[in-house]
Amino acid sequence: TCNVCETRSAKQFSKQAYDSGVVLVQCPGCQSYHLIADRLGIFEDNWDVTKVLEARGETVSRDDNLLASLSPDELRDLVAGKKLQPS
């Protein structure tokens with residue numbers, strides 16, 4: 001849920017990006033960008049949203065197996081923003 005406009009949305013990104021890179025997501029409601037993870041120290045040293053939410057007593061759901069189960073074509077479609085067809 002966006003802290004600016006209260007729009008709820010779900011975003012997908014790779015485990016590699018979350019664990020080793022920088023992840024920013026854009027709110028579909030207000031177009032604000034939100035920092036999800038920064039492992040490169042560009043914005044903050046080794047920061048991620050999971051740590052912040054756990055400190056507040058909240059939980060985050062993750063599906064680490066989702067990307068591992070995708071074919072290369074499905075992964076390309078996902079990156080391009082296309083909806084995946086149910087199998």
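What percentage of the 87 residues in the protein is buried? Buried residues make up 16% of them, where buried means under 20% relative accessible area, exposed over 50% and partly exposed in between, with a 1.4 Å probe and protein chains only. This is a predicted model, in which local features need pLDDT of at least 70 and side-chain atom pairs count only at pLDDT 80 or more, while totals for chains, interfaces and linings use all residues. Residues are numbered from 1 along each chain as its sequence is written, and side-chain values use heavy atoms, with hydrogens and water left out.

Begin with the cartoon view, where the protein has three helices and three strands, following the pattern α-β-β-β-α-α along the sequence; helices (H or I, at least four residues) and strands (E, at least two) are DSSP runs, numbered from the N terminus.

Next, select residues 33-38, which form strand S2, and find Tyr33 there. Tyr33 counts as exposed because its relative accessibility is 57%.

Stay in strand S2 and select Ile36, which is buried because its relative accessible area is 14%. Leaving aside neighbours within four places in sequence, show the residues in contact with Ile36, which are Phe13, Tyr18, Val23, Val25, Trp47, Asp48 and Val49; contact means heavy atoms within 4.5 Å.

Finally, draw a C-alpha to C-alpha distance from Ile36 to Thr50, and you will find 8.2 Å in space between two residues that are 14 residues apart in sequence.
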